[in-house]
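Thanks for coming. Please have a look at the structure before I start.

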Amino acid sequence: MAELWRPERLVRLAPAGAVACSALLPLVQVGLAFSYVGNGVGTGLWSLAATAAYLPLHLRHVWYAARAHRPPLGGWSLAAMTVVILGATPLAGNMWPRAYTALVVSFLLVLPAPWSYLGYVAVVGATAPVAHALGLGWAAAPWLTFSVLGGSAALLLLTWLAAALTRLQAAREALAQRAVMQERRRIDDDLRHSLGGALESIAARGDRAASKVAGREPAAAAEDLTGLADESRRTLAEARRRVRGYRQPSLRAELETAASLLTAAGIVTRLDLPRGGIPDTIAPRSRGALRATVTRLLRAAPAGTCTITATALNGRVHLVVRAGDTTETIEVRA
């Protein structure tokens, strides 16, 4: 059960949930079409046939929109859906205008503004007059308008929420990949400037020793070989020390990831780092505190701006996170 409620799984299930909810109302409408006052078997069958024709097109629009994509050839599928729904209006009974809910939702999901808004207003405004022309009294016809408004609002909210979750998950994965690339770049630069020079020196000394052995200068060659062994040991020790450091999280990478995540959420974030530099690593407890602060900022109302300042005092480094009227201080332990 815990696996079902993991955020990644919920994001994957959100589009399917939006599609399921979008299919529920039309299917209920078909079931009730046979029992409305003034409707008969004929109008119920027309309602069933028209729903079977337009519903797959509508669900296709919802599926793509919930995954934050425009449906390919969406204009053609929307045109076909419009022809089916409007063409069935005189035949599927006086409650058929409830199907306009799916039509206006697809308008907003497929068409660009302002055409989507114009189509939405036109169809919603025509719902009550069309229902009255089909024989529904003026006392009941306006309720169809409210039904279309309420149903479309609920379906659009579900679809746009699923799309927002999908975009957020994509942004999260992109930030994670960016953090990995930045860390790899940092390690590569560090190795090039530290161990790279030492390895070049070892290779040069080895070449000199080999040339002296070839020139039959054993004393000079022995001296170079001894120095070569000592330098190799120092370089090996330095390499081991740096590898141990790479296994620990990087403070700079954590700060840059936090700033990118907050900026992606609409909070303009600025890093203010001291000129003397910051520690290379951050302890797990300090990293957990920084991530908890970022999580609270993301869950709260948008603060507009945020500043993360690193200060060094008496040999200790503190992170000061200012967002709106709140200020939090985190001690960095390397």
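Of the 334 residues in the protein chain, 37% are buried, meaning under 20% relative accessible area with a 1.4 Å probe and protein chains only, where exposed is over 50% and partly exposed is in between. This is a predicted model, so local features need pLDDT of at least 70 and side-chain atom pairs count only at pLDDT 80 or more, while totals for chains, interfaces and linings use all residues. Residues are numbered from 1 along each chain as its sequence is written, and side-chain values use heavy atoms, with hydrogens and water left out.

The protein chain has 10 helices and 4 strands, taken as DSSP runs numbered from the N terminus, with helices (H or I) of at least four residues and strands (E) of at least two.

Now the helix pair. H4 (residues 100-110) packs with H5 (residues 115-133) at an angle of about 170 degrees, and their axes are 8 Å apart. H4 is therefore roughly antiparallel to H5, a label for angles over 145 degrees. The axes are lines fitted to C-alpha atoms, for helices over the stretch in contact, and angles run from 0 to 180 degrees between N-to-C directions. On the H4 side, the residues in contact (heavy atoms within 4.5 Å) are Tyr-100, Leu-103, Val-104, Phe-107 and Leu-108. Their partners in H5 include Tyr-117, Tyr-120 and Val-124.

Leu-48 lies in helix H2, residues 41-66.

Methods:
Parallel < 35°, antiparallel > 145°, perpendicular 65-115°, else oblique.
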